[in-house]
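I opened this model to look up what surrounds its ligands and its pockets. My entries follow in the order in which I made them.

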Amino acid sequence: MTILVTGGAGFIGANFIFHMLSQHPDYRIVCLDKLTYAGNLSTLASVMDNPNFRFVKLDICDRAGVYHLFEEEHPDIVVNFAAESHVDRSIENPEVFLQTNILGTQVLMDACRKFGIRRFHQVSTDEVYGDLPLDRPDLFFTEQTPIHTSSPYSASKASADLLVLAYHRTFGLPVTISRCSNNYGPYQFPEKLIPLMIANALNDKPLPVYGKGENVRDWLYVEDHCRAIDLILHKGREGEVYNIGGHNEMRNIDIVKIICKALGKHESLITFVTDRKGHDRRYAIDPAKIHSELGWLPETKFESGIQKTIAWYLDNRQWWEAIISGEYQDYYRKMYAKR
Ligand code: NAD
Ligand code: DAU
């Protein structure tokens, strides 16, 4: 079994590669990644010498390069993590989001059609459902919730989902889609809420909370997400969408306070800044389908997951310090100076 994992030098893709190599030692994993600002080869250092692993630096939009790789590897399964993934960046510059997230997905699916595939799995997001009001805790996203996007990022992910379902219906491509809530855990790029707050707190820098910090996200430990995708690949039904989430809703401000407490930092570091444009209020996944059909449930409780994550960032300072000492500085100034 050869699995092509795109975007495997990023946060979730890398964790998925670790999961698959340990759970399926007889599988060959080929990682294709463009190594954008978010891709980090050092994340994959521990598997680089594994004979069942190959890394290829490639853009999913590079049709000739992708076809060449399919000719060489003839993957049985493609899992597409490759994407521009940060909402704030999509508000600054939408174009690359449309290129990678939509057209890149098309190139991969065209390769699957040309060379044959047992499964094309698209890693999508709960953001395709838009947001829920803060005062309706009874409402959740199901797979039937209409697509209703807010940011250029979520619009690009929703477009890709529609294209994936169109390739299934029109060409019979054997696809599955998973829509997951916010992930946290090791190797997350420090532009995202949790690692950004950990890094800033450790450096005694202000903790920039958008708006009043009342927005709610449904947090899932990354390993639980990887396990869910593994199950969908092996037992999921073709043409189906599966929501993945942990019934673990938290307000941003409460997350930041937990991080302050765990690191022994004073809450006076918290700084309320101008809100994100079009900021989604609440995400909340109903994971009943993946639970009843595939028996999946999240295993890591937030209380232990966040402590494991904080410990990882404390033990692996060189990983994130190398990131925040580079071009990240310009990004940070641009995004936060005027907030
Ligand atoms: P990430 O930004 O950490 O990693 C993205 C990876 O894709 C990087 O390694 C990058 O180099 C690579 N990449 C980007 N453009 C590429 C291109 N054109 N060709 C090849 N590689 C390219 O993202 P992440 O947080 O790991 O998210 C992975 C996937 O999961 C994305 O599709 C995202 O939409 C989805 N998702 C993320 C979350 C979350 O909470 N992080 C939740 C639900 C879904
Ligand atoms: O829900 C799944 C999505 O989760 C994924 O599809 C995206 O790829 C992923 O980036 C994430 O999107 P969010 O926008 O929810 O994540 P982010 O970490 O950027 O922000 C989480 C919340 O924290 C959000 O309400 C905005 C807020 N925030 C974020 C940052 C970076 C702050 O208050 N301050 C910050 O500095």
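**Ligand 1**

I looked first for polar contacts, meaning pairs of N or O atoms within 3.5 Å. An N or O atom in the side chain of S85 is 2.6 Å from an oxygen atom of ligand 1. The backbone contributes too: a polar backbone atom of I60 is 2.9 Å from a nitrogen atom of ligand 1, and a backbone N or O atom of N183 lies 2.9 Å from an oxygen atom of ligand 1.

On its own, ligand 1 has 830 Å² of accessible area (Shrake-Rupley method, 1.4 Å probe), and the protein covers 97% of that.

Before going on I noted the ground rules. This is a predicted model, in which local features need pLDDT of at least 70 and side-chain atom pairs count only at pLDDT 80 or more, while totals for chains, interfaces and linings use all residues. Residues are numbered from 1 along each chain as its sequence is written, chains are lettered from A and ligands numbered from 1 in the order in which they are written, and side-chain values use heavy atoms, with hydrogens and water left out.

Next I listed the shell. Ligand 1 has 28 residues around it, counted as near if one heavy atom lies within 4 Å. I12, D33, S85, Y153 and K157 come nearest. By class, I find 13 nonpolar, 11 polar and four charged residues in this shell. For the classes, Asp, Glu, Lys and Arg are charged, Ala, Val, Leu, Ile, Met, Phe, Trp, Tyr, Cys and Pro are nonpolar, and the others, Gly among them, are polar.

Which element gives the most to the shell around ligand 1? Strand 5 does, with three residues. Helices here are DSSP runs (H or I) of at least four residues and strands are runs (E) of at least two, numbered from the N terminus.

**Ligand 2**

I repeated the search for ligand 2. Y153, already noted for ligand 1, has a side-chain N or O atom 2.6 Å from an oxygen atom of ligand 2. The side chain of N182 has an N or O atom 2.8 Å from an oxygen atom of ligand 2. For H279, a polar side-chain atom lies 2.7 Å from an oxygen atom of ligand 2. The protein covers 94% of the 690 Å² of accessible area that ligand 2 has on its own.

The shell around ligand 2 takes two or more residues from helix 6 (193–202) and from strand 8 (207–210). I count 25 residues around ligand 2, with D126, Y153, R276, H279 and Y336 nearest. They divide into 11 nonpolar, eight polar and six charged.

**Pockets**

I took a pocket as an open set of points on a 1 Å grid over the protein atoms alone, where a 1.4 Å probe fits, with protein on both sides within 12 Å along at least five of seven lines; lining residues have an atom within 4 Å of a point.

The largest pocket holds about 330 Å³ of space, volume being the space filled by probe spheres set on the points. It has 17 lining residues, of which Y37, E84, R89, E327 and Y331 are closest to its centre. Helix 12 gives the most to this lining, with five residues.

The second largest pocket has a volume of about 270 Å³. Its lining includes R276, which I had also listed among the residues nearest ligand 2.

How values were computed:
Polar contact = N/O pair within 3.5 Å; in protein donor to acceptor, adjacent residues only side chain to side chain.
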